[in-house]
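Thanks, everyone. Let me put the model up, and then we'll go through its salt bridges and one of its sheets.

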Protein chains: 2
Amino acid sequence: MAERPLPEYDAEIAAIIKSEMEKFVNLRLGEKVVAFEGKDKVEKVITNKGEYKCDLAIVAVGVHPNTEIARDFVELGKSGAIKTNSKMETSRENVYAAGDCAESLNVVTGKPDWIPLATPANKMGYVAGVNIAGYELHYPGSLKSQITSFYDIEIGKVGLSEHEAIRDGYEVISSFITTKSTARYFIDGLIHLKVVAERSGKLLGIQAVGKGVAMRIYAGSALLYRGANVRDLFFTDFPYYPPVSRVWDPLVVAARNMFRKLGIP
Amino acid sequence: MAERPLPEYDAEIAAIIKSEMEKFVNLRLGEKVVAFEGKDKVEKVITNKGEYKCDLAIVAVGVHPNTEIARDFVELGKSGAIKTNSKMETSRENVYAAGDCAESLNVVTGKPDWIPLATPANKMGYVAGVNIAGYELHYPGSLKSQITSFYDIEIGKVGLSEHEAIRDGYEVISSFITTKSTARYFIDGLIHLKVVAERSGKLLGIQAVGKGVAMRIYAGSALLYRGANVRDLFFTDFPYYPPVSRVWDPLVVAARNMFRKLGIP
């Protein structure tokens, strides 16, 4: 139904993912499923634009927080997930919530968010457990960091995409580059990278698709977690090893592009 | 001559590298070359412990800063490289030095250091150029980040190893773990990781050998650059993608081990 795959990513990144996917699958976008047909099993998918024979249909239409046992006695947040404080305590004292049913802080926006991902869920559980055990520990929140892949193309994102940042009211600048993730004399290794920042220079998010994505999203996670700006992205001393990185890392090149947009040397 | 390969690494890490190397080469340690012999080319290497026939000898005995044209009119630092300030200016006004001939700040120790690596050299050049052009830019220094490999084993280090930290007067704690860098159901992916911190919790360095090293050294570089502590290492929201990472990342597991040593939850 959506106009592009992975709609949380910006259009430049999604366009690359789309063209990679189209090499292997008959990708239908902007098209709505209206019925499944078949005798003993699904044999055909009917959409508002056509019919497709199939052996198997997988329905993936998103997730919702399951708050059934909680909603009558604790407050829910705007997202529909359970409201929590930084100790993962709900609106009711001594009652804790953690994981995909619970809201937590978005480190980039500083606002409550619903981030149903495995690593934040586990850390929320850790924090809730520590507090339940009588110690005090505060969960600083999540960056919505994610990596996935399509065949041998890695895809990753941390923080906000440009359209997410604009939607959240930020005045943004961005840099989108296509470059080698490795030394230039290696055949393979193209990476498409987009960095988004506030006009103050504070980093808001990083997206990437291609080769060498995981290490850049890992680095981006660390920088966003520590509230870094584009100057930090430029000056972080990333290691150079020709088969996996280059003297001017794609992250550093993107940062330098942003210096120009910010009018700083 | 040294007792182990890569002597800047700690003994636990060097022992793994050594055993990997011994699968492929006749590695001789603690042995001093005293002569090369041969008629038209080197045919034999003579050490204080034996003789080895060879087709080719490669001599790698380290590097020194080349300060020949500078040493008579600018100050050199303790390392023998050219002393600079954060604008990469030497002791003589309007004379700049950058690259392997120059000292710069070690971000971890906050002290002048000589770090003859490609990425710091390039950034020093960038900073010197900006200042020469009449703008003002300060080089924050280097982390001595590095990655290399031996066959399919990646090896990486950022910041200080434990023995380097002790030599520099730090009171240190450390955590050394061997774990999977990927989800446990992937066959491959063992990583050996060592994290070193001050007793205050401030990170001093990360070393790793095995699989998935580059992404952890990239993340470690970003955290060390931003002066992070073990709590930040634990709470940084690294992305989970089973083929390349896991819910509890090795970095996070190492951080949690250090919580115990620091007596914090």
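Start in chain B. The side chains of B:Lys194 and B:Glu162 form a salt bridge, 2.7 Å from N to O. By salt bridge I mean a side-chain nitrogen of Lys or Arg within 4 Å of a carboxyl oxygen of Asp or Glu. This pair links distant parts of the chain: B:Lys194 sits in strand β9 (residues 190–198) of chain B, and B:Glu162 in helix α3 (residues 162–167) of chain B, 32 residues apart. Helices (H or I, at least four residues) and strands (E, at least two) are DSSP runs, numbered from the N terminus.

Buried or exposed? B:Lys194 is buried, at 1% relative accessible area. B:Glu162 also counts as buried, at 19%. The cut-offs: buried is under 20% relative accessible area, exposed is over 50%, partly exposed is in between, with a 1.4 Å probe and protein chains only.

Some ground rules. This is a predicted model, where local features need pLDDT of at least 70 and side-chain atom pairs count only at pLDDT 80 or more, while totals for chains, interfaces and linings use all residues. Residues are numbered from 1 along each chain as written, chains are lettered from A and ligands numbered from 1 in written order, and side-chain values use heavy atoms, without hydrogens and water.

Across all chains, the search finds 28 salt bridges. In chain A, a network of them links A:Asp10, A:Glu12, A:Glu162 and A:Lys194. A:Lys18 pairs with A:Glu22, closest N and O 3.4 Å apart. Both lie in helix α1 of chain A, four residues apart, about one turn. A:Lys18 is partly exposed at 29%, and so is A:Glu22 at 40%.

Next, A:Asp152 and A:Lys211, with closest N and O atoms 3.9 Å apart. Here too, distant parts are linked: A:Asp152 is in the β6–β7 loop of chain A, A:Lys211 in the β10–α4 loop of chain A, 59 residues apart. A:Asp152 is exposed, at 53%.

Now the sheet. Five strands of chain A form an open antiparallel sheet, ordered β6-β7-β10-β9-β8. Strands pair if DSSP finds at least two bridges between them. Why do β6 (146–150) and β8 (172–180) of chain A each have one side without a neighbour in the sheet? They stand at the edges, each with a single partner strand. Inside chain A, β7 (residues 153–159) and β10 (residues 203–210) pair over six bridges.
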